[in-house]
Amino acid sequence: MFSIANIFALTLCRSVAFLRVVFWLTVKVLERSWVPLPIKTATTSLLQSLCSIHSSCGVSSVAWLVYALVLTLKNRANTSSEIIIVASAILSLLCLSCLAAFPLVRHLHHNVFERFHRFVGWTSLALLWVFVVLTIFYEPKTKSYSNQLGSRLIKQQEFWFTLAITVLIIIPWLTVRRVPVKISAPSGHTSIIKFEGGVKSVILGRISPSPLSEWHAFGIISDGKSEHMMLAGAVGIEQNFGKEIKGMMNMQPKDKVIVHDTAVLGRPNVSHMSVDAAKKFGAEVVIVTSNPEGSRDVVNARKASGIAAFDPIWDS
């Protein structure tokens, strides 16, 4: 039961539907001017820890399942060989999934990790249903399975947790759509992917040429009217992003945009620049989007200056 509950929790932490509700409620509650800044930043820190909670629950589910199997083997007379075999298979798959999620593996073979994590997870879920049904209907006294299907099933917590896990996994797939896109390449390092329909800017969108294999997330740029776009590519000046993106930047108020031409001015000290910009703008909090090293340097500089700062997880 504890192992299944941990699997439910880790699934909840990665459920887009659940997170959209959580973040919407958080913004509605904490956007009030009278809410103290420390409470806002502490809540943001907690929400940023959801990925860590996901990983921790995965390891915890393995630990609880190992413990349950040991107890079952000690009391083997009151269970069936089928239940032990299915539980052992689930444990093996969970262990493999945890190993595949190890940072070194994710960093060197990210697409392999993503596919492995997904298909192993689905296989584990299918086996979990088998496990739940077998354990609920097994009669230790007669060493047989009961035929009281409905009445027993709905009374067990394991059934409801497994059903909730299944629903959470299915929901995102109900929102997948195949849509026409227009792709332009301002340079050999950048692609602009355009979609029909205006949406809210800065929200996250996910795209994939092969939905069962991999997904890639990008921030959305939109006029909110006719179309929205994703910008995929290396960072850089006009040569990389092209005139369209530069034109959009030029439309912003001059005091809201800082452009540093490395070809003319050389490599900047981004940490110092970010601290100066935050003080100039009077920012309460700063969100950093960079590579792991760059994010770490900027966040540490901000914290040292007394300004709250957050960066994304390293492989987002």
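The structure holds 4 salt bridges, a salt bridge being a side-chain nitrogen of Lys or Arg within 4 Å of a carboxyl oxygen of Asp or Glu. This is a predicted model, in which local features need pLDDT of at least 70 and side-chain atom pairs count only at pLDDT 80 or more, whereas totals for chains, interfaces and linings use all residues. Residues are numbered from 1 along each chain as its sequence is written, and side-chain values use heavy atoms, with hydrogens and water left out.

**Salt bridges**

- Among the salt bridges is the one in which the side chains of Glu-114 and Arg-118 meet at 3.4 Å, N to O; both residues belong to helix α7 (residues 110–137), where they are 4 residues apart, about one turn of the helix (helices, H or I of at least four residues, and strands, E of at least two, are DSSP runs numbered from the N terminus).
- Glu-114 is buried at a relative accessible area of 12%, and Arg-118 also counts as buried, at 16% relative accessibility (buried means under 20% relative accessible area, exposed over 50%, and partly exposed in between, with a 1.4 Å probe and protein chains only).
- Arg-115 and Glu-214 meet through their side chains in a salt bridge of 2.7 Å, N to O, and this pair links distant parts of the chain, since Arg-115 is in helix α7 while Glu-214 is in the loop between β5 (204–207) and β6 (216–222), 99 residues apart.
- Within that pair, Arg-115 counts as partly exposed at 34% relative accessibility, whereas Glu-214, at 13%, counts as buried.
- Lys-194 forms a salt bridge with Glu-227, and their closest N and O atoms are 4.0 Å apart; because Lys-194 lies in strand β4 (residues 190–196) and Glu-227 in strand β7 (residues 227–233), the pair ties together parts that are 33 residues apart in sequence.
- Lys-194 counts as buried at 18% relative accessibility, while Glu-227 is partly exposed, with a relative accessible area of 29%.

**Surface patches**

- Patches are made of residues with over 30% relative accessible area and no salt bridge, like charges being joined within 9 Å and nonpolar side chains (Val, Leu, Ile, Met, Phe, Trp, Tyr) within 5 Å.
- A nonpolar surface patch is formed by Ile-154, Trp-160, Leu-163, Val-167 and Ile-171, which together have about 420 Å² of accessible area (accessible areas come from the Shrake-Rupley method with a 1.4 Å probe, and for residues only the protein chains shown count as cover).
- Ile-171 of the nonpolar patch is found in helix α9 (residues 157–174), and this residue is partly exposed, with a relative accessible area of 31%.

**Cysteines**

- With a disulfide taken as a pair of cysteine sulfur atoms within 2.5 Å, the count comes to 0 disulfides.
- Cys-13 is in no disulfide, the nearest cysteine sulfur being that of Cys-57, 5.7 Å away, which is too far for a bond.
- Cys-13 counts as buried at 9% relative accessibility, and Cys-57 is buried as well, with a relative accessible area of 11%.
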